[in-house]
Amino acid sequence: MNPDQFQGPALRVGVVGIGWAGQQHLNAYSNSPGVEIVAVAGMEEELLHSLQATHAIPNAFLRWEDMLELEDLDAISVAVPTFLHAPIAIAALERGLHVLSEKPLARTADEGRAMVEAARGAGRVLDVAFNHRRRGDIQTLKSIIDEGGLGRPYYAKASWLRRTGIPRLGSWFTNPELSGGGPMADIGVHVLDYALHLLGEPKVLSVSATVHAELGPRGRGGSARFSAMSSEHAFEVEDFASAFIRLEGGATLLIEAGWASYREKDDVLGFMVYGTDGGAELVAKGSPSAPVGQLTIFTDKDGENADYSPESQPGRGHQAVVEDFLDIVRGGEAVWGHHDGSLALNRAEIIDACYRSAREAKEVQL
Ligand SMILES: NC(=O)c1ccc[n+]([C@@H]2O[C@H](COP(=O)([O-])OP(=O)(O)OC[C@H]3O[C@@H](n4cnc5c(N)ncnc54)[C@H](O)[C@@H]3O)[C@@H](O)[C@H]2O)c1
């Protein structure tokens with residue numbers, strides 16, 4: 001649905017969490033017609049009241065539990081540390097609310113499964129914010145692959161690598177009880193999501209992964225750009241992870257997710273793929289990543305080199321995520337059942353398998 005054409009009763013939404021992610025949701029709801037933000041929750045009191053004023057939100061709470069006591073909420077966004085995704089989403093779904101959760105779905109696939117079951121039981125939407133697959137350059141490449149422009153992809157590599165990008169040393173991100181894991185869970189889940197999306201959602205057969213914690217435990221590689229919450233936890237997760245993934249049909253995918261390592265200064269978010277009739281390379285540098293990366297298609301025509309660089313528009317990130325969620329909610333019961341969090345659960349199962357593979361130092365079948 002084109003939001004400009006929206007007519008009907010306003011959807012009443014609440015946002016839990018007011019860090020970077022929660023603020024993306026607030027901005028996106030504010031920019032969407034037919035939406036009333038009726039509540040916001042977060043523990044940074046000054047920021048909470050400033051965001052309440054900016055977005056003219058009638059209710060502000062320090063605790064998410066109080067927000068869920070409100071009457072007449074239709075939907076909430078969950079943008080809090082990952083250990084709270086499942087309890088908040090399940091409580092909201094059981095109250096009949098639709099939920100847009102931040103990634104990763106949860107700390108583990110078991111927690112994620114409980115969320116999906118709650119969505120199915122309640123007959124409500126559980127959607128997850130995978131904003132990077134909505135990048136314009138990724139969508140351009142997706143169209144080229146879908147139209148057969150590269151033939152059959154047989155090898156791909158997808159990476160998000162930072163030089164000093166630990167999301168604040170000592171924050172909840174670096175405590176596995178609160179986050180579920182380091183960069184594999186945090187940014188690897190985005191990389192995995194856009195890679196599988198680009199490759200047409202092939203089934204994952206097995207993973208062989210490694211994780212390393214070389215810089216974080218020595219107080220290196222931290223960035224103050226991340227996390228609104230105070231820092232007091234030890235560094236107990238990995239700072240670099242890699243996984244070799246076998247896909248149904250014979251293709252393989254290599255994933256790299258690093259918060260910190262001795263590499264070039266610019267962060268890079270990338271994807272490269274080799275297919276039977278062409279290859280592609282996408283590189284988006286910077287922190288945050290450039291809105292449009294460099295995309296090159298390598299191919300030939302009648303035996304001659306026919307490489308080219310297609311144009312892409314900047315993606316709309318969380319705005320697109322939120323608009324899609326609103327469309328699904330407005331779409332009614334007929335569509336809700338197709339949005340029960342299963343896709344995010346699939347990602348959680350693969351990430352779980354990666355951590356198990358790294359722990360046991362062997363390939364793990366899915
Ligand atoms: N999609 C993306 O690109 C993206 C980017 C960053 C973070 N995230 C995800 O968003 C989530 C939040 O990350 P962040 O970087 O914004 O974290 P953050 O640490 O900056 O903010 C966390 C927020 O949660 C609030 N919170 C914690 N406990 C609460 C409680 N009991 N009641 C109410 N509020 C509570 C805090 O007050 C804070 O406002 C994480 O799941 C993260 O993985 C997604």
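These legends describe close-up views of one predicted model.

The model is predicted, so local features need pLDDT of at least 70 and side-chain atom pairs pLDDT 80 or more, while totals for chains, interfaces and linings use all residues. Residues are numbered from 1 along each chain as its sequence is written, and side-chain values use heavy atoms, without hydrogens and water.

View 1. The domain assignment gives domain 1 (3-131 + 318-340) and domain 2 (136-314). These bounds come from an automatic or database domain assignment. Their C-alpha centres lie 26 Å apart. Domain 1 brings 12 residues to the contact and domain 2 brings 13 residues. Contact means heavy atoms within 4.5 Å.

**View 2. The parallel sheet of six strands.** The strand order in this open sheet is β3-β2-β1-β4-β5-β6, and the pairing is parallel. Helices (H or I, at least four residues) and strands (E, at least two) are DSSP runs, numbered from the N terminus. Two strands pair if DSSP finds at least two bridges between them. The edges are β3 (59-61) and β6; each has a single partner strand, so one side of each is left without a neighbour in the sheet. On average, neighbouring strands are turned by 20° against each other, direction ignored. Axes are lines fitted to C-alpha atoms, for helices over the stretch in contact; angles run from 0 to 180 degrees between N-to-C directions.

View 3. Strand β2 (residues 35-41) pairs with β3 in the parallel sense over three bridges. Within this pair, A39 stands opposite N59 in β3. Helix α10 packs on the sheet and touches β1 (11-16), β2, β4 (75-78), β5 (98-102) and β6. The direction of α10 makes about 160° with that of β5.

**View 4. The mixed sheet of nine strands.** This open sheet runs in the order β16-β15-β14-β13-β7-β12-β11-β9-β17, with mixed pairing. Strands β16 (304-305) and β17 (364-365) stand at the edges with a single partner strand each, so one side of each is left without a neighbour in the sheet. Helix α9 (residues 188-198) packs on the sheet, in contact with β7 (153-161), β9, β11, β12 (252-258) and β13 (268-275). The direction of α9 makes about 155° with that of β7.

**View 5. Strand β9 and its two partners.** Strand β9 (residues 204-212) pairs with strand β11 (residues 240-247) in the antiparallel sense over eight bridges. Helix α12 (residues 342-360) packs on the sheet and touches β9, β11 and β17, at about 55° to the direction of β9. T210 stands opposite S242 in β11. The bridge partner of V211 in β11 is A241. β9 also pairs with β17, in the antiparallel sense over two bridges. Here V207 has V364 as its bridge partner. In a regular strand the side chains alternate between the two faces of the sheet.

**View 6. The second largest pocket.** Its volume is about 300 Å³. Of its 15 lining residues, D127, V128, R133, H339 and L343 are the closest to its centre. β6 (126-129), α10 (317-330) and α12 each supply at least two lining residues. The lining divides into six nonpolar, four polar and five charged residues. Ala, Val, Leu, Ile, Met, Phe, Trp, Tyr, Cys and Pro count as nonpolar, Asp, Glu, Lys and Arg as charged, and the others, Gly among them, as polar. On a 1 Å grid over the protein atoms alone, a pocket is an open set of points with protein on both sides within 12 Å along at least five of seven lines; a cavity is a set where a 1.4 Å probe fits but cannot get out; lining residues have an atom within 4 Å of a point. Points are joined across faces, edges and corners, and a volume is the space filled by probe spheres set on them.

**View 7. The largest cavity.** The whole structure holds two cavities of 30 Å³ or more. The largest cavity has about 70 Å³ of space. It is lined by 14 residues, of which P104, A106, R107, A348 and I351 are the closest to its centre. Helix α12 gives the most to this lining, with five residues. Nine lining residues are nonpolar, two polar and three charged. Domain 1 and domain 2 both give residues to the lining, so the largest cavity lies between them.

**View 8. Loops with backbone features.** P104 is in the loop between β5 and α5 (109-122). A cis peptide bond joins K103 and P104, with omega about -15°. Another joins S287 and P288, with omega about 5°. P288 lies in the loop between β14 (278-285) and β15 (294-301). In the loop between β15 and β16 is D302. Phi of D302 is near 50°, a positive value in a residue other than glycine.
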